[in-house]
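Keep the 3D view at hand as you read.

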Amino acid sequence: MNKWFRSNYIPCRPLGDNLSLVTGCQRHIQLSRRAAAEGAVLLKNEHSLLPLAKGARLAVFGKAQIDYIQVGGGSGIVYPAYTRNIYQGLQMKKGQVEVFHELSLYYEEYFKRHDVDYKNYVRYPEAPVPQDLLQRARDFTDTAVIVIHRHSGEGADHQDSSTFYLYEEEQAMVDAVTANFPKIVVLLNVGAMIDTSWFANNDAISAAILLWQGGMEGGLAAADMLMGDAYPSGRLVDTCARTFEDYPSSADFHESRDYAKYTEDIYVGYRYFETVPGKKDCVVYPFGYGLSYTTFGLSDIVAGAIGENIVVSVKVTNTGSVSGKEVVQVYYSAPAGLLGKPARELCGFAKTKNLDPGESQTLLISFPVRDMASFDDTGVVAKSCFVLEKGTYSIFVGTNVRNAQKLDYVYHLEDNVIAEQLHSYCAPERLDKVMTADGTYRAIPCQKAERTVFPCTYRCVEAPEETYTLLDVAEGKVDLDAFIAQMTDEELIEIVGGQAPTGVASTGGMGNLKRLGVPNVMTVDGPAGVRLKPHTGVKTTAFPIASCLAASWNPELLEEVGRAGALEAKENNLCIWLTPGLNIHRSPLCGRNFEYYSEDPFISGKMAAAMVRGIQSQKIAATPKHFACNNKETNRIHSDSIVSERALREIYLKGFEICVKEARPKIIMTSYNVVNGIQASENAEMLKGILRQEWGYEGMVTSDWNTEGEHTKEMQASNDIKMPYGRPENLTESFRSGRITREELCECAKRILEMILWLD
Ligand code: BGC
């Protein structure tokens, strides 16, 4: 096939065997179902209530059994051919389970009456349970399932903690069910952390599964788990705290529309709960936690340093009576030193294959010693360095952050070691205090930061005499700089802005310079599947949300999902998948948590890298986003994320760093927000200094859609393209007045063209 034929001619050319479509195909739908089950976390299972016995009779309570939420709102929406809800999922288990239909039909009617529109989602209350219906349900069975859901979306945070807790009507339903049924299972269809103490501390509730928002087959995956057709092996990627106030960001999340002060510093999620005295008691379910239908034993744990790495070997044995998978997690604890350190930090993990009862597998987990270094932003040891402070580094192995056992093996350093000398970039000017390991705050100097200027290094060359097309560059007939030399200033200005969408795309394209044969390559949204609007007539596969995928702790699974989604993009002649989302679950209130992986940057980075590998294996450009600190939606275009350099490096940039270094994404998307006083898309220190110079990133950078940043400043910061369209008038004016040079435009254009050249 000719290069770029999909972009140039938009053919209907299926990618499956015998010219069948892969978009929304059975294989992808089954993958979605498998992923939904693998990411679900079994939180409680007293008296081994689950899996339910064959022939079980169930009364299912809650509107969420009908109104199953497969994904949150905004650009993360996916439009599949159908979404299977929990009631429908259970009905597919005919012969295995009998559902009390009258009750489920009552909720179905209730849902229909409310005509819910998730585009403009307005919460509608849980249905009251009529006493006579409750009684008939109880006469039918002694086993009840309660389903609770939560919706959130792009551009809108939860305004207060009410969404974290059960609403009054939900509490009434729970009270009625617990007063009448001896066996109760709770299912949570949510996109982010919510209160779990209401069932964790209630003996009347025996079992609970965190289903997340599991994509189009989420309801069937739930039924699979309830009936033991799938074994739970998901593990938490966030800490479940006792109250909303227990999360350290809670006090000031909504302090201002104009800023968010990250005063908890690096003590985010379990780093806070496991470290700060007294905070362990605030945890209901710790990070990494999750049960199985079987039990596992860890034995023969051996650890040691091999070269620059620490290697841990663990034997995992299935000691129970059904199959299952276990996740082994390795944490370290660095010496407190002068910087202060979290009590535990995740540095490695591995998941077993499916182990039958009695079966064992030895897992090898290895991580570089350098990963245990901390960023010294204030210079107490060595300014702007990642340092390994002298002392003893302990290693912990277990199946969650809390039960991880300290190994006899320790790594010891007699002297401080500078792991990497970096720079002081993106220093905060308005942060006066940050948390320390004992939970108190330390004042930090608030001063005006000198911002580094990065000179443009692009050198223009002579234009060739005859005209060459981009295909000539692809075929090696001319080099890219000579090709760029042929471009007029107007063409350069045009190409650093987004282009009109074609075909089924709605988010715009890049390139589109017909005179020189540059195709218009289309973008499409993610991360839970390829987002094609319903009017295109194309139904794609809705995969589980990012948090659910991450909770599988299975990078191979993410690679598979990435590959499948990329194939769907490609089949529809789309080249750039605006996926994955790599922001951090800093607060349960963030409306977009469902698009992001975790409170922990290590697992976030590993999962994103897997996703990017899968996507790019199909020659579709992945686009990790939103770089960086877009952990809040309220006033996201103007809100300033005020954060210390240390937290930036160790928490908010870390996931991106892992992803960039391991998987080399072709594109990075900057975020809407301001980072320490400078728009992310104009932030040269973050983009040129950290991303490009320090991490060696060679790909292109796109803005988020319609950012506030000025196009000229964005180019100069190496935010190579402004999407979904540029501001040619701004660039033309700057060019005329000498504020921006041809070299600067060429440098950005070159990276866009390199990305296009890489595409099929
Ligand atoms: C979102 C991005 C998305 C883009 C294109 C923006 O509003 O923040 O995540 O990729 O729109 O739809």
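A polar side-chain atom of Glu-154 sits 2.5 Å from a ligand oxygen atom, a polar contact in the sense of a pair of N or O atoms within 3.5 Å. On its own the ligand would expose 310 Å², and the protein buries 93% of that (accessible areas by the Shrake-Rupley method with a 1.4 Å probe).

A word on what you are looking at: this is a predicted model, in which local features need pLDDT of at least 70 and side-chain atom pairs pLDDT 80 or more, while totals for chains, interfaces and linings use all residues. Residues are numbered from 1 along each chain as its sequence is written, and side-chain values use heavy atoms, with hydrogens and water left out.

Stepping back, you will find 14 residues around the ligand, the closest being Glu-154, Asp-525, Arg-592, His-626 and Asp-704; to be near, a residue needs a heavy atom within 4 Å. This shell holds seven charged, three polar and four nonpolar residues. Here Asp, Glu, Lys and Arg count as charged, Ala, Val, Leu, Ile, Met, Phe, Trp, Tyr, Cys and Pro as nonpolar, and the others, Gly among them, as polar.

Volumes are the space filled by probe spheres set on the points, which are joined across faces, edges and corners.

The largest pocket has a volume of about 700 Å³. Of its 33 lining residues, Asp-371, Phe-602, Lys-606, Ile-658 and Glu-662 lie nearest the centre. The strand β13 gives the largest share of this lining, seven residues (strands are DSSP E runs of at least two residues, numbered from the N terminus).

Which residues lie nearest the centre of the largest cavity? They are Arg-150, His-158, Ala-192, Ile-194 and Pro-588, and the space there is about 120 Å³. The second largest cavity, of about 70 Å³, has Ala-192 and Ile-194 among its lining residues.

Technical notes: Polar contact = N/O pair within 3.5 Å; in protein donor to acceptor, adjacent residues only side chain to side chain. 1 Å grid on protein atoms, 1.4 Å probe; cavity = no way out; pocket = protein on both sides within 12 Å on 5 of 7 lines; lining within 4 Å. Helix = DSSP H or I, 4+ residues; strand = E, 2+ residues; numbered from the N terminus.
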